[in-house]
Amino acid sequence: MKYGFLFGAGAEAAYGLPSGGKFALEIFRHDTVKSKEAFKNSRDNVDTHTTYANDWLPEGFNDKNISTFGKTVFQNIIKDTVEQRRGSIISQLNNFDDLARKVARSFQKSNKKDIVEIIERNLNTSIDNARMGQDVVFIDEFQRGNALFSNTFFGALLLLYKKSGFYNIENRVEMGKIILSILQLQIGALSEELSRKINDSIFKKKDDSIDLFDDLGEIIQLNYSATGLEYLLEPKHIDMNTDENYVLAFARELMEDLYAAVLDYKSLIDSNWRYLYYPKSDWAKFSKICIFLYTVRDYIASCAEGINQNNPNGYYNMLKKAVDEGKYELSGVATTNYNQFIQEILQYDVSYLNGSTEIWYDPYVNKMGSKESLDTNEHHILVPLMFTQSGTKPMTSIDMSMVYVDTYKKWKQSDAIVVVGFGFGVDDEHINGILRTLIDSDNKKVIVVTLASYEEDGKIIKGICRKLKVANSSNVELIKVDYSGIVSGTDKKWTDYLA
């Protein structure tokens, strides 16, 4: 058998790397000092006598101030998140206990303490009795969000906050911030749904020939300043030596995971990427997006420094072992992740579909490559090539086009394409389109390796097909695994199961 492989962020969880919104939160917390210095060095190396310096860069560019994204940008991120993912936010919060149980298992594994036991001991009742649905109810217009109060873990947080003497003053204030931040996220999403309904059409019935009605515009505009993101950006160390500290740490982790599950950080890239091409007209925004990309690279590279490349439970290591044992061949490996250690482990040429820490981009000539290959006598200001799906201009580079075409050709020669840890998101259409062509036009099988859940296989496959917009669902198969990569109902690792 000959398999093509696509790895997403979920494939690197076993190596300790964050994914999704958690990744975004850590980037915004990351120190920008090194990134500023790297940008300054790149700027200072530019030859001031060249056409590049005189026509493309502003006058006196080497003496101009540089700046980074400030706190105001976080308000816009929340605004975009709530606007685009309001339904997902409400659903996540209405199923608060699902996320809480996941965090509880993680806490018990790492700290050897059962959060449920601590909650029940301090409330002197079963956690099943910690429901606030009869005591706290939203107004009728927000009734869709009432399910939050019937979740036992959220009820427990409220009851412990209410309980006299459980928290000291400082911890009670902290817990209050966490609970309010969770409620603000729910209220924001519910408000966005209501305002969209009103703004889309304030009339139940109207005469479409009277165009004055079309000039009314938005009636309601929401204020997103009251959110918990800024609170999350402040690093907090909580010593979990007491029950109250343990509950507080648990609640903060819950809040982080909640925001991470819905956070739409790509809007920051979408709204600022274009300034890479206009340093002369807007140096401040040019420097901000450049330094942000340097910061992303620095954070990602720092995450990979301490990983165990010999981790037997790592997806790349499992695949390397299976290939070395001759169980099947590789016809092409691609990844949406940015680090190079996948290539170091597999000892195989990997296609980086979203850029990587070692791929750089020259916006002046729309060219990508290694830092050395892009260097010229003019010494252009380069940026790390990240977030290709958001920065559409680099995708027009012949270098990136060749990567996509080459990946498609290799996968087309496969018996099947195996997808691991990839979410088929709306921002991944540049990759979804390749898979769609392979499934519907080329009649290729796509095997999705996913964590086991209580959802039926058919429902999961239907969801994947809906995201991929494919008609031939029979060409999509599942392999459900646990956190160790063992296939459900077997004692085999997913790589052996494929064989």
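1. Contact here means heavy atoms within 4.5 Å. Helices (H or I, at least four residues) and strands (E, at least two) are DSSP runs, numbered from the N terminus. The model is predicted: local features need pLDDT of at least 70, side-chain atom pairs count only at pLDDT 80 or more, and totals for chains, interfaces and linings use all residues. Residues are numbered from 1 along each chain as its sequence is written, and side-chain values use heavy atoms, with hydrogens and water left out.

2. Helix H17 covers residues 429–441. At 1.5 Å a residue (multiplied by one less than the number of residues), its 13 residues should span 18 Å, and the end C-alpha atoms are 17 Å apart, which agrees. After H17 comes Asn-443, with a positive phi near 55°.

3. Which residues of H17 are buried? Buried means under 20% relative accessible area, exposed over 50%, and partly exposed in between (1.4 Å probe, protein chains only). The buried residues of H17 are His-430, Ile-431, Asn-432, Gly-433, Ile-434, Leu-435, Arg-436, Leu-438 and Ile-439. Their cover includes strands E1 (2–7), E7 (416–420), E8 (445–451) and E9 (476–481), as well as helices H16 (398–412) and H18 (457–468).

4. Six strands form an open sheet: the order of the 6 strands is E3-E2-E1-E7-E8-E9, with parallel pairing. Two strands pair if DSSP finds at least two bridges between them. At the edges are E3 (350–352) and E9, each pairing on one side only. Neighbouring strands are turned by 20° against each other on average, direction ignored. E1 and E7 run parallel and are joined by 5 bridges. Helix H18 lies across E8 and E9, at about 125° to E9; axes are lines fitted to C-alpha atoms, for helices over the stretch in contact, and angles run from 0 to 180 degrees between N-to-C directions.

5. A nonpolar core is a set of buried Ala, Val, Leu, Ile, Met, Phe, Trp, Tyr and Cys residues joined through side-chain atoms within 4.5 Å. The largest one has 99 residues, and Phe-5, Phe-7, Leu-435 and Trp-494 have the most contacts inside it. Helix H12 (residues 283–305) gives this core its largest share, 12 residues. Another core, of 51 residues, lies apart from it and has Ile-78, Ile-89, Phe-142 and Ile-182 among its members.

6. Phe-7 has Val-420 in E7 as its bridge partner. Leaving out residues up to four places away in sequence, Phe-7 touches a set of residues including Tyr-315, Tyr-316, Leu-319, Val-420 and Trp-494.

7. The structure holds 0 disulfides (pairs of cysteine sulfur atoms within 2.5 Å). Cys-290 is buried, at 1% relative accessible area, whereas Cys-303 counts as partly exposed because its relative accessibility is 23%.
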